[in-house]
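Reader: I'd like to go through the charged pairs in this model, then the sheet. Can we take it step by step?

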Amino acid sequence: MTEPATRRILREPAEAVLQKLPLIGKLMIIGKRNGATHERIGAVETVAVEAERIVCRGACHDSSIDPALVVTIVADTSSVMQGQVYPRLDFNDEKGEPVFSVVGFDGLDPFEKALDGLHIEAGESEADKPGRPERPDVAENDAGLKPLNLALQTARPVVISFEAPGFGQSWSGTVEKVKPAMGFINVMTSDFHLHLLGGAVAAWAEHEEGGATTFRALDAQQKEIGLTVRLAAAVSA
């Protein structure tokens with residue numbers, strides 16, 4: 001039996017492919033923009049069309065997607081770690097950049113079964129990707145740390161949201177650890193990862209209402225990068 005190509009093009013509308021996500025099992029939905037990578041992890045339970053957007057929901061998912069921005073969908077099964085394939089779907093825009101991506105955590109079999117029946121063509125192999133660049137350590141006074149360290153120190157619930165053209169999702173919970181590593185500020189739980197590139201945030205626009213504080217990340221040009229941290233009001237003793 002011939003093994004399928006590791007890189008393939010799905011000639012289907014974004015909605016048709018997204019409707020298959022519940023069949024893949026545990027997966028990660030990834031938004032990435034301006035140095036911020038926002039990842040939700042778990043099973044997608046429902047996929048619905050709401051106000052011309054596609055919404056993926058589950059105990060660990062609440063992604064909102066504009067399918068009009070998705071021009072090409074690429075399935076890539078070349079990623080193998082410790083003997084397991086982590087198949088990936090990139091939903092790319094007209095420039096070939098991902099609007100968002102999906103990575104399966106349950107191996108190749110449920111991924112291939114989910115795609116069965118879709119119109120798929122073999123794609124060209126990508127050139128060898130450059131190795132991971134060396135990045136300087138995150139500075140102790142990196143501006144990106146401010147609301148995350150505050151959430152850690154106060155144990156107040158947070159909502160960490162990500163918005164990019166055509167895609168948005170959020171996570172709510174308690175920050176248990178903030179770990180700078182490999183040039184990124186990292187917050188990781190069982191159902192959520194945030195990787196924030198050191199230096200990506202120059203400042204935060206802060207707004208307080210009802211005791212809750214919303215922080216919107218700004219770059220060096222004072223433009224929003226798409227990352228928001230909302231810190232709940234402190235609970236009175």
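Reader: Which side chain meets Glu121 in a salt bridge?
Author: The model is a predicted one. In it, Glu121 pairs with Arg11, with 3.1 Å from N to O.

Reader: Where do Glu121 and Arg11 lie?
Author: Glu121 is in strand β12, residues 120-122, and Arg11 is in the loop between β1 (7-10) and α1 (14-18). The pair therefore ties together parts that are 110 residues apart in sequence.

Reader: How many salt bridges does the structure hold?
Author: There are 7.

Reader: OK, which residue forms a salt bridge with Arg88?
Author: Asp90 does, and the closest N and O atoms are 2.8 Å apart.

Reader: Is Asp90 buried or exposed?
Author: Asp90 counts as buried because its relative accessibility is 12%, and the cut-off for buried is under 20%. Arg88 is partly exposed, at 28%.

Reader: What about Glu206, which side chain does it meet in a salt bridge?
Author: Lys146, at 2.5 Å from N to O. This pair links distant parts of the chain, 60 residues apart: Glu206 belongs to strand β18 (residues 203-209) and Lys146 to helix α4 (residues 146-154). Glu206 is partly exposed at 44% relative accessibility, and Lys146 is partly exposed at 45%.

Reader: Switching to the sheet. What is the order of its 8 strands?
Author: The order is β4-β5-β6-β14-β13-β20-β19-β18. The sheet is open, and the pairing is antiparallel.

Reader: Which are the edge strands?
Author: β4, residues 46-50, and β18 are the edges, each pairing on one side only.

Reader: And what does the twist average from one strand to the next?
Author: It averages 15 degrees.

Reader: How many bridges join β13 to β14?
Author: 7 bridges join them, with β13 covering residues 158-164 and β14 covering residues 167-173. The two strands run antiparallel.

Reader: Which strands does α4 touch?
Author: α4 packs on the sheet and touches β13, β18, β19 (212-218) and β20 (224-231). The direction of α4 makes about 15 degrees with that of β20.

Reader: So which strand holds Glu206, the partner of Lys146 in α4?
Author: β18 holds Glu206, and β18 is among the strands that α4 touches.

Key:
Residues numbered from 1 in each chain as written. Predicted model: local features only at pLDDT ≥ 70, side-chain atom pairs only at ≥ 80, totals over all residues. Heavy atoms only, no water. Salt bridge = Lys/Arg side-chain N within 4 Å of Asp/Glu carboxyl O. Helix = DSSP H or I, 4+ residues; strand = E, 2+ residues; numbered from the N terminus. Buried < 20%, exposed > 50% of the residue type's maximum accessible area, 1.4 Å probe, protein only. Pairing = 2+ DSSP bridges. Axes fitted to C-alpha atoms, helices over the stretch in contact; angles between N-to-C directions. Contact = heavy atoms within 4.5 Å.
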